[in-house]
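Here is a friendly walk through one protein model, with a few local features picked out along the way. Please have the viewer open as you read.

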Amino acid sequence: MKAAIITGATKGIGRATAIELAKNGYDIIAGARNEQDLQQLTVELKAYNVNVLALKVDFSEKAQVIAFVEKALGFAKDVHVLVNNVGSFVPSSFFDEDDEVFESQQLLNVNAAYYLGKRIGKQMLTQRFGHIFNICSVASKTPVENAGSYSVTKAAMLSLNDVMRKELAAHHVKVTAVIPGSTYTSSWEGTTLAKEKFVQPEDVARSISMALQLSAAANVDEIVLTPLNF
């Protein structure tokens, strides 16, 4: 069986990706903060006859991230997919926000991906196969209004993605930046805009699934998904 690690797996893009990959026969290693949500996800994933390891993790805590990696590698002999999805979006004015607004987003949007990508990337390097997907944002390329710190951290995540791709390519490990525009997740909770106006989490999940079906020689450097008429 193939195994996929997904962070922030109980909501939005993470949840949709976990379900999509389970449908395609991947064992799922899921990390998230809410125990009840993890239990519910586990039941849903096991309906696809796959093995599931669901772990409660605060990905802003380095020690917990490292422990998560160790448990994941103990569960799966090989890791075929890593989806660095966990993240934080806090709208704020750059010059008016508290420093903690930047620092909290840095921990989840950059540090967690660094710790996971480094350690799982080494495992894939040894295996000589695997695919890492880093869920970035259109803010990775163009700063978003009233989201300065978010834009900075997501730009750093895209840079991290490119570093990993460059270093892992020679070892037959693929790395892809997933760059969604406005996607209907909890970040848009309370919006008056119609759900149909947004990119859907399932759209992102399917794009990941399609990238995994390409030949071993083909890497998708970036997947950009934006609303058609937002």
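## Two loop residues with positive phi

His-172 sits in the loop between H5 and S6; helices (H or I, at least four residues) and strands (E, at least two) are DSSP runs, numbered from the N terminus. Its phi is near 65°, a positive value in a residue other than glycine. Asn-49 also has a positive phi, of about 60°, although it is not a glycine. Asn-49 lies in the loop between helix H2 (35–46) and strand S3 (52–56), and at 70% relative accessibility it counts as exposed. The scale behind that word is: buried under 20% relative accessible area, exposed over 50%, partly exposed in between (1.4 Å probe, protein chains only).

A note on the source: this is a predicted model, where local features need pLDDT of at least 70 and side-chain atom pairs count only at pLDDT 80 or more, while totals for chains, interfaces and linings use all residues. Residues are numbered from 1 along each chain as its sequence is written, and side-chain values use heavy atoms, with hydrogens and water left out.

## The second largest pocket

His-172 turns up again here. The second largest pocket holds about 400 Å³ of space. Of the 22 residues that line this pocket, the closest to its centre are Gly-130, His-131, His-172, Lys-174 and Ala-216. The lining divides into 12 nonpolar, six polar and four charged residues.

For the terms, a pocket is an open set of points on a 1 Å grid over the protein atoms alone, where a 1.4 Å probe fits, with protein on both sides within 12 Å along at least five of seven lines; lining residues have an atom within 4 Å of a point. Grid points are joined across faces, edges and corners, and the volume is the space filled by probe spheres set on the points. Ala, Val, Leu, Ile, Met, Phe, Trp, Tyr, Cys and Pro count as nonpolar, Asp, Glu, Lys and Arg as charged, and the others, Gly among them, as polar.

## Helices H4 and H5

Helix H4 (residues 99–127) and helix H5 (residues 148–168) pack at an angle of about 10°, with their axes 9 Å apart. That makes H4 roughly parallel to H5 (an angle under 35 degrees). The contact (heavy atoms within 4.5 Å) involves residues including Phe-102, Tyr-114 and Leu-125 of H4 and Tyr-150, Met-157 and Leu-168 of H5. By class, this contact has 12 nonpolar, seven polar and one charged residues.

Tyr-115 is also in helix H4, and is buried, with a relative accessible area of 16%. Leaving aside neighbours within four places in sequence, Tyr-115 is in contact with Lys-62, Val-65 and Ile-66.

## Around helix H6

The buried residues of helix H6 (residues 201–211) are Pro-201, Val-204, Ala-205, Ser-207, Ile-208, Ser-209 and Ala-211. Among the elements that cover them are helix H1 (12–23), strand S4 (81–84) and strand S5 (131–135).

Thr-17, in helix H1, is buried, with a relative accessible area of 0%. Beyond its neighbours within four places in sequence, Thr-17 is in contact with Ile-6, Val-83, Ala-205 and Ile-208. Thr-17 and Pro-201 are 184 residues apart in sequence and 7.9 Å apart in space, C-alpha to C-alpha.

How values were computed: Axes are lines fitted to C-alpha atoms, for helices over the stretch in contact, and angles run from 0 to 180 degrees between N-to-C directions. Angles under 35 degrees count as roughly parallel, over 145 as roughly antiparallel, 65 to 115 as roughly perpendicular and the rest as oblique.
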